[in-house]
Amino acid sequence: MTRVAIVTGASAGIGEATARRLHELGFTVYAVARRLDRMAPLAALGVHTAAVDVTDDAALVALVERVVAESGRIDVLVNNAGYGSFGALEDVPMDEARRQFEVNVFGAARLCQLVLPHLRAGGAGRIINVSSVGARMYQPLGSWYHATKYALEGLSDCLRVELRPLGIDVVVIQPGGVETEFPRVAGERLLATSGGGPYDEHARRYAATLLSEPAHISPPSVVAEAIARAATVRRPRIRYAVGRGARAAVFARWLLPDRVFDRAVVALFTALANVAARRARPVEPAPQTGPAD
């Protein structure tokens, strides 16, 4: 019987790559995002697409009802929808903080609630929550984003032991540096929120690290492949740290005491800001020299 998967945040990046990969593996895939037009390439492949905002409860209910009506079952839920809204805690409006939790945490939790009766009915299933290496480390001016990822992982850990007796697996994916829209959105929001105020210098330096193009960044397909493994292997790992720097960051957080890790974080992002500044600085032409006498 064909397995059925729902993938959120599928209009670009990790979500799009995941929908493609699961479709290649023979899943019936329902790819959802707010921007339906951007999922036209997926629809052309035969992936089912739907315009869904994960903060809209009625839309989530309608999505699950549609999937069950059309396909008769749900086997895998990939909660990938999310975004990063950076800025100094002092500067970020509480409405924006709440919005980030609504998208990154509550939307995922609500979909779990709606899908679980169908997973229980089948006596098996997978919930795959796309977190971040940011749930194991942290950085300046990213408090609300990191808070959502820490929360998502806490929710996932509790849900995992809660659902284990029912034959349902809960897996966490921790992407590191991956080529997505996330750095651009986070950098632009950081400048809009904390640029020009008391945190201006820090905001500009850290925004530069987000808006620059880091070397050796991983393609979204790397994460999609990890999600596909988590969806198909008999016994998935609890966590998959994938993408540029993910495993090193997780290991360093486990190894180093808190204050040492604090210093390492500051040193890392200072170094990245310096590299980004050098890349942005125009290169002066070398002085012209005449022929040797």
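Is Glu24 buried or exposed? Glu24 counts as exposed, at 56% relative accessibility. The views below come from a predicted model.

View 1. Arg21 is partly exposed, with a relative accessible area of 24%. Glu24, at 56%, is exposed, because the cut-off for that word is over 50%. Side chains of opposite charge can pair when their charged atoms come close.

View 2. Arg160 has 14% relative accessibility, so it counts as buried: the limit is under 20%. Asp157 is partly exposed, with a relative accessible area of 25%. A network of salt bridges links Arg136, Glu153, Asp157, Arg160 and Arg239.

**View 3. Glu188 and Arg184 pair in helix H6.** The salt bridge between their side chains is 3.3 Å from N to O. Helix H6 runs over residues 182-194. Glu188 and Arg184 are 4 residues apart in it, about one turn of the helix. Both are partly exposed: Glu188 has a relative accessible area of 42%, and Arg184 has 39%. In the whole model the count comes to 19 salt bridges.

**View 4. Strand S4 is covered on both faces.** S4 spans residues 76-79. Val76 and Val78 lie on one side. Leu77 and Asn79 lie on the other. All four of these residues are buried. In a regular strand the side chains alternate between the two faces of the sheet.

**View 5. S4 pairs with S1 and with S5.** Strand S1, residues 4-8, runs parallel to S4, and 3 bridges join the two. Ile6 stands opposite Leu77 of S4. S4 and S5 are also parallel, with 4 bridges. On that side, Leu77 stands opposite Ile127 in S5. Now follow the chain. S4, H4 and S5 build a right-handed β-α-β unit.

**View 6. The second largest pocket holds about 250 Å³ of space.** It is lined by 15 residues, and those closest to its centre are Arg73, Ile74, Asp75, Ala124 and Gly125. Helix H4 (94-122), strand S5 (125-130) and helix H8 (220-232) each supply at least two lining residues. H4 gives the most to this pocket's lining, with 3 residues. By class, the pocket lining has 6 nonpolar, 5 polar and 4 charged residues.

**View 7. The largest cavity holds about 70 Å³ of space.** A search of the whole structure finds 1 cavity of 30 Å³ or more. The lining of the largest cavity has 13 residues. Nearest its centre are Asn79, Asn80, Ala81, Val103 and Ala108. H4 and helix H5 (143-163) each supply at least two residues of this lining. H4 gives the most, with 5 residues. The cavity lining divides into 7 nonpolar, 5 polar and 1 charged residues.

How values were computed. Residues are numbered from 1 along each chain as its sequence is written. This is a predicted model: local features need pLDDT of at least 70, side-chain atom pairs count only at pLDDT 80 or more; totals for chains, interfaces and linings use all residues. Side-chain values use heavy atoms; hydrogens and water are left out. On a 1 Å grid over the protein atoms alone, a cavity is a set of points where a 1.4 Å probe fits but cannot get out, and a pocket is an open set with protein on both sides within 12 Å along at least five of seven lines; lining residues have an atom within 4 Å of a point. Grid points are joined across faces, edges and corners, and a volume is the space filled by probe spheres set on the points. Ala, Val, Leu, Ile, Met, Phe, Trp, Tyr, Cys and Pro count as nonpolar, Asp, Glu, Lys and Arg as charged, and the others, Gly among them, as polar. Buried means under 20% relative accessible area, exposed over 50%, partly exposed in between (1.4 Å probe, protein chains only). Two strands pair if DSSP finds at least two bridges between them. A crossover is right-handed if, with the strands pointing away from the viewer, the path from the first strand over the helix to the second runs clockwise. A salt bridge is a side-chain nitrogen of Lys or Arg within 4 Å of a carboxyl oxygen of Asp or Glu.
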